[in-house]
Amino acid sequence: MGKLVEVNPAPRMVYISASRAPPFLKRYLSTREEAERHLFGLAKLRAVVLKPGFIYSGRDRGWSVPLRYGIDIWNKTYGTAMQFVPKKTVLHDVLDNFNVDTSVALEDIATTSIVAAFDSTFDGQRLYNDDMARVRERFEKNGFKI
C-alpha cells in the first residue's frame with residue numbers, strides 16, 4: 001500500500017522576527033521570541049521564523065545603505081572589544097545594549113519568505129542573515145529573481 005498523501009496539510013506561516021533588540025529595548029526581542037515559541041508550539045501550524053539583523057535596501061530604503069556599513073563595522077568592533085570587558089559588570093551590562101547583528105539585504109528576506117512559504121524543508125526552523133543570503137543565492141542560481 002502506498003503512502004497516504006496529506007490532502008489538507010496544516011497551514012504554514014513565515015514569521016519575520018529579529019536577531020537582536022534595538023538599544024535599551026530588551027523586551028522587544030523577548031516578546032518576539034515568546035511569539036516564536038508560541039508559533040512553534042501550535043500543532044496545526046507549520047512555522048518558519050526569519051531573524052534578520054539590520055535590513056537595508058538600495059532600492060526601497062536608500063538611506064539604509066550608508067547606515068549598513070556603519071552597523072557592520074560596529075558589529076565587528078563590538079565583538080572584538082567585548083572580549084576585554086569583564087562579564088557580570090555594570091559596564092558589560094550597559095554595553096550589551098549596543099550589541100547589533102550584521103546587516104541583511106531586504107531582497108534576501110523577501111526571497112526567503114517566499115521560498116519558505118512553499119518549501120516544507122524550512123518548517124520549524126529559525127533562519128538568520130547568512131541562511132537567508134544562501135536561500136536567495138540558491139534561488140537566483142536556479143534562474144529565478146524577485
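Tutor: Helix 2 covers residues 64-81, and at 1.5 Å a residue its 18 residues should span 26 Å; the C-alpha atoms at its ends are 25 Å apart, which agrees. The expected span is 1.5 Å times one less than the number of residues. Helices (H or I, at least four residues) and strands (E, at least two) are DSSP runs, numbered from the N terminus. The model is predicted, so local features need pLDDT of at least 70 and side-chain atom pairs count only at pLDDT 80 or more, while totals for chains, interfaces and linings use all residues. Residues are numbered from 1 along each chain as its sequence is written, and side-chain values use heavy atoms, with hydrogens and water left out.

Which residues of helix 2 are buried? They are Ser64, Ile71, Asp72, Asn75 and Tyr78. These five cover an arc of only 135° around the axis, which puts them on the same side of helix 2. The arc is taken from the directions from the helix axis to the C-beta atoms. Buried means under 20% relative accessible area, exposed over 50%, and partly exposed in between (1.4 Å probe, protein chains only). An α-helix has 3.6 residues a turn, so residues three or four places apart point the same way. On the other side of helix 2, Pro66, Ile73 and Lys76 are exposed.

The buried residues of helix 2 pack against three elements: strand 3 (54-56), helix 3 (90-95) and strand 4 (103-105). Contact here means heavy atoms within 4.5 Å.

With a relative accessible area of 11%, Ser103 is buried. Leaving aside residues up to four places away in sequence, Ser103 touches Phe54, Tyr56, Arg68, Asp72 and Asn129. Ala47 is 56 residues from Ser103 along the chain, and their C-alpha atoms are separated by 24 Å.

Helix 3 holds Val94. At 39% relative accessibility, Val94 counts as partly exposed. Val94 also belongs to a nonpolar surface patch of about 490 Å², which it makes together with Phe24, Trp74, Val90 and Phe98. Patches are built from residues with over 30% relative accessible area and no salt bridge; like charges are joined within 9 Å, and nonpolar side chains (Val, Leu, Ile, Met, Phe, Trp, Tyr) within 5 Å. Accessible areas come from the Shrake-Rupley method with a 1.4 Å probe, and for residues only the protein chains shown count as cover.

Now the wider fold. The protein has 5 helices and 5 strands, in the order β-α-β-β-α-α-β-α-β-α along the sequence. Its C-alpha trace spans about 65 × 35 × 25 Å along the principal axes. Of the 146 residues, 32% are buried. Among contacts between residues at least 6 apart in sequence, 69% join residues at least 24 apart. The accessible surface comes to about 9700 Å², and 60% of it belongs to carbon and sulfur atoms.

Side chains of opposite charge can pair when their charged atoms come close. The whole structure contains 10 salt bridges, each being a side-chain nitrogen of Lys or Arg within 4 Å of a carboxyl oxygen of Asp or Glu.

Glu36 and Arg126 form one of them, with the closest N and O atoms 2.7 Å apart. This pair links distant parts of the chain, since Glu36 is in helix 1 (residues 26-41) and Arg126 in strand 5 (residues 126-128), 90 residues apart. Glu36 is buried at 1% relative accessibility, whereas Arg126 is partly exposed at 35%.

Asp108 and Arg136 form another, with 3.0 Å between the closest N and O atoms. Asp108 lies in helix 4 and Arg136 in helix 5 (residues 129-141), so the pair ties together parts 28 residues apart in sequence. Asp108 is buried at 9% relative accessible area, and Arg136 is buried at 19%.

Asp123 and Arg46 also meet in a salt bridge (3.9 Å, N to O). Asp123 lies in the loop between helix 4 (106-118) and strand 5, and Arg46 in strand 2 (residues 46-51), so the pair ties together parts 77 residues apart in sequence. Asp123 is partly exposed at 23%, and Arg46 is partly exposed at 25%. With Arg12, these two residues are linked in a network of salt bridges.
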